[in-house]
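Let's walk through this model together, going from the overall fold down to single side chains. Keep the viewer open as you read.

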Amino acid sequence: MTRAVRLGPRSLLTLALVSAVGVVAFGWPFLAPPTSRVGTHTQDAPWLFAGLLVLLVAVVAAAIAESGLGPKAVAMLGVLAATGAALRPIGAGTAGIEPMFFLMVLSGRVLGPGFGFVLGNVTMFASALLTGGVGPWMPFQMLAMGWFTMGAGLLPGPERTRGRAEVRLLAVYGFFAAFAYGTAMNMAGWPFMGALASNIAFDPHAGVPANLARFVTYCLATSLGWDLGRALVTVVLTLTLGPALLRALRRATRRAAFEAQVTFEASER
C-alpha cells in the first residue's frame, strides 16, 4: 500500500520519545506524588509543558519530514491541512459540531500514521491561527490531534479491509477517539482551574484516587455533551461521506505516486 511517508527507525524513535513526554505533559497531575514539590507549581507546570511540547512536536515533524516527506506529500499536506483548518470554525460555539475530525480520521487511514501525525499537528496549528485560538492549550491540541490522526493510520487491515466494513471500523474509531481527544484536553486544562471550583479542581495535596474522582466529575460536568456531540458528528459524517472521500483520497494518492522518484532530464542545447 502506498504511504505518503515511510517512517524510518529514527523517526519512530523520535515519535515514541515525544509521545512519552506528551503523556507526562498531559498526565502529570496523576504522576506527581502529593509530597512532590510539583504541587507548589500547579499553575506554572502547564505553561512549562506547553513550551516544551512546541519544541518536541517541531523535532518529530522534522524527523518525519527527513524520512521522506517529498514535494508531492507536502502539497497533499497543505491541501488537507487547509481544508481541516477551514472546517474547524464551522462548529465554533456549537456543542460538538466539529467536522474536521472525520477528515482527520479518513486522511490518517489512507495516508498512514507518519503523515497523519504531521497532518494533525499542522491542521490544528493552522486552525488556531485562523480562529484566534492561540494560547498555552495550543501545543496540547496539536499533539492530541497528531495522536488522533496517527491512530487512524495504525488501524489494522489497510490492504484488505474495504467497503462498508472499513467505513464502520473508521466510524467506531472516530467515536472513541473523539472522546479520548476530549479527555486528553480536559487533562491539559484541568490544573488551570485552581481554586475556582474547589470540589472538582486538581488538588496537589490529594492522592491519585481523590484527584481521579475530581477529574471524572470535572469531565462529566464540563465537557460530556461537547465530547458526545463531537463523537456523533464524526460517526455520522464518516458513515455518510466516508466512502466517497476514501475513494477520492486513494485516487489522489495513486496519481501522486509518492514513492516514485522525481528525476529531471538535462535539456539539449
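This is a predicted model: local features need pLDDT of at least 70, side-chain atom pairs count only at pLDDT 80 or more; totals for chains, interfaces and linings use all residues.

Residues are numbered from 1 along each chain as its sequence is written, and side-chain values use heavy atoms, with hydrogens and water left out.

First, the whole chain. The secondary structure comes to nine helices and zero strands, where helices (H or I, at least four residues) and strands (E, at least two) are DSSP runs numbered from the N terminus. Reading from that end, the elements go α-α-α-α-α-α-α-α-α. Of the 269 residues, 48% count as buried, that is, under 20% relative accessible area with a 1.4 Å probe and protein chains only (exposed is over 50%, partly exposed in between). Take the contacts (heavy atoms within 4.5 Å) between residues at least 6 apart in sequence: 82% of them join residues at least 24 apart.

Now for the helix pairs. How do H1 and H6 pack? Helix H1 (residues 9-31) and helix H6 (residues 138-153) meet at an angle of about 125°, with their axes 11 Å apart. The axes here are lines fitted to C-alpha atoms, for helices over the stretch in contact, and angles run from 0 to 180 degrees between N-to-C directions. H1 and H6 are therefore oblique to each other; under 35 degrees would count as roughly parallel, over 145 as roughly antiparallel, 65 to 115 as roughly perpendicular, and the rest is oblique. On the H1 side the contact is made by Leu15, Val18, Ser19, Gly22, Val23, Ala25 and Phe26, and on the H6 side by Phe140, Leu143, Ala144, Trp147 and Met150. By class, these residues split into ten nonpolar, two polar and no charged. For that count, Ala, Val, Leu, Ile, Met, Phe, Trp, Tyr, Cys and Pro are nonpolar, Asp, Glu, Lys and Arg are charged, and the others, Gly among them, are polar.

One of the H6 residues in that contact is Leu143. Leucine 143 is buried, at 0% relative accessibility.

Next come H3 and H4, which pack at an angle of about 160° with axes 9 Å apart. That makes H3 roughly antiparallel to H4. H3 brings Met76, Leu80, Thr83, Gly84 and Leu87 to the contact, and H4 brings Met100, Leu103, Met104, Ser107 and Leu111. The tally is seven nonpolar, three polar and no charged residues.

Between helix H3 (71-87) and helix H4 (100-111) is a loop, and glutamate 98 sits in it. Is glutamate 98 buried or exposed? Buried, with a relative accessible area of 12%. Glutamate 98 touches Trp226, Arg230 and Val233, leaving aside residues up to four places away in sequence. With tryptophan 226 there is a side-chain to side-chain polar contact at 3.0 Å. A polar contact is a pair of N or O atoms within 3.5 Å; within protein, one must be able to donate a hydrogen and the other to accept it, and residues adjacent in sequence count only if both atoms are side-chain atoms.

Finally, look at aspartate 227 in helix H9 (residues 224-256). Aspartate 227 is buried, with a relative accessible area of 5%. The side chain of aspartate 227 makes a polar contact with that of arginine 230, at 2.8 Å. Beyond four places in sequence, aspartate 227 touches Phe179, Gly182, Thr183 and Asn186.
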